[in-house]
Amino acid sequence: MRRFSSVTVVEVFLVLALLCCSSWKVWSITLCKETNLDKVRPHSVSITEFGAVGDGITLNTKAFQNAIFYLNSFSDKGGAKLFVPAGRWLTGSFDLISHLTLWLDKDAVILGSTNSEDWPVVEPLPSYGRGRELPGARHRSLIYGSNLTDVIITGNEGIIDGQGSIWWSKFRNKTLDYTRPHLVELMNSTGILISNLTFLNSPFWTIHPVYCSQVTVQNVTILAPLDSPNTDGIDPGKLSAYY
């Protein structure tokens with residue numbers, strides 16, 4: 001696993017929490033009870049039903065977007081599950097919805113596209129006021145969500161691989177046009193569970209919950225080469241409280 005080039009009080013706390021506990025949790029000051037997020041969804045579809053091809057070559061961004069658009073119709077009916085079977089599923093950035101479980105089966109790999117055009121450019125976070133690496137905008141994360149409730153990203157030890165080497169090269173060569181994307185970013189959301197997955201080679205920070213509450217991250221493996229720049233594991237931002 002990669003080393004951290006600098007250590008903050010929050011990072012030290014997170015390391016201690018991970019060593020002492022089976023999960024890392026973020027709590028709202030006003031909500032002091034853990035939310036049970038490990039729930040069965042009454043509706044489920046496979047990404048293959050929307051034309052996705054798990055060959056590691058076919059771009060499946062539209063398949064993910066269309067599947068999630070379809071599942072949004074079940075958000076007020078107990079929510080839904082998007083099943084990703086074994087295979088290598090290449091995709092650009094896609095958005096999650098509330099009351100959704102994204103489930104990666106064993107030997108399922110979601111691969112981030114190596115084409116930067118598949119990662120849309122969005123406004124900087126309000127608390128930063130600019131991109132972290134460059135003035136102005138930034139690339140959106142591979143898996144993104146904003147203003148969501150009750151979201152689960154989990155599976156049977158599946159993998160989410162950002163294929164970050166192209167981004168690291170641009171960073172080192174100073175050829176970035178915008179700040180690099182995270183692998184998973186959730187904003188202004190509550191009731192989040194991320195578990196039982198491996199996260200590889202993020203272009204930038206790996207898991208970034210920002211302006212969120214009631215976040216649980218447990219039983220995850222986060223890996224990147226030692227010399228990969230700023231591929232932090234879990235970077236919470238502007239959260240209500242830590243526990």
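This is a predicted model: local features need pLDDT of at least 70, side-chain atom pairs count only at pLDDT 80 or more; totals for chains, interfaces and linings use all residues.

**Charged partners and their surroundings**

Author: Let's begin with Asp95, which is partly exposed, its relative accessible area being 33%. Arg140, in contrast, counts as buried at 16% relative accessibility. Residues are numbered from 1 along each chain as its sequence is written, and side-chain values use heavy atoms, leaving out hydrogens and water.

Side chains of opposite charge can pair when their charged atoms come close. The term salt bridge is used here for a side-chain nitrogen of Lys or Arg within 4 Å of a carboxyl oxygen of Asp or Glu. Six of them occur in the structure. One joins Asp95 to Arg140, with 3.6 Å between the closest N and O atoms. This pair links distant parts of the chain, 45 residues apart: Asp95 belongs to strand β6 (residues 94-95), and Arg140 to the loop between β10 (138-139) and β11 (143-146). Helices (H or I, at least four residues) and strands (E, at least two) are DSSP runs numbered from the N terminus.

Another salt bridge brings together Glu185 and Arg138, at 3.1 Å from N to O. Here strand β14 (residues 184-187) supplies Glu185 and strand β10 supplies Arg138, so distant parts of the chain, 47 residues apart, are linked. Glu185 and Arg138 are both buried.

A further salt bridge runs from Arg172 to Asp227, whose closest N and O atoms are 4.0 Å apart. Again distant parts of the chain are linked, 55 residues apart: Arg172 sits in helix α3 (residues 165-172) and Asp227 in the loop between β19 (221-223) and β20 (241-242). Arg172 is partly exposed at 42% relative accessible area, whereas Asp227 is exposed at 55%.

Now, what lies around Arg138? On a 1 Å grid over the protein atoms alone, a cavity is a set of points where a 1.4 Å probe fits but cannot get out, and lining residues have an atom within 4 Å of a point. Grid points are joined across faces, edges and corners, and the volume is the space filled by probe spheres set on the points. By this rule there are three cavities of 30 Å³ or more. The volume of the largest cavity is about 70 Å³. It is lined by 13 residues, and those closest to its centre are Arg132, Arg138, Thr179, Arg180 and His182. Sorted by type, the lining holds five nonpolar, four polar and four charged residues. In this sorting, Ala, Val, Leu, Ile, Met, Phe, Trp, Tyr, Cys and Pro are nonpolar, Asp, Glu, Lys and Arg are charged, and the others, Gly among them, are polar.

Met187 stands opposite Val210 in β17. From strand β17 (residues 207-210), Ile207 and Pro209 point one way and His208 and Val210 the other, and all are buried.

Conventions:
Buried means under 20% relative accessible area, exposed over 50%, partly exposed in between (1.4 Å probe, protein chains only). On a 1 Å grid over the protein atoms alone, a cavity is a set of points where a 1.4 Å probe fits but cannot get out, and a pocket is an open set with protein on both sides within 12 Å along at least five of seven lines; lining residues have an atom within 4 Å of a point. Two strands pair if DSSP finds at least two bridges between them.
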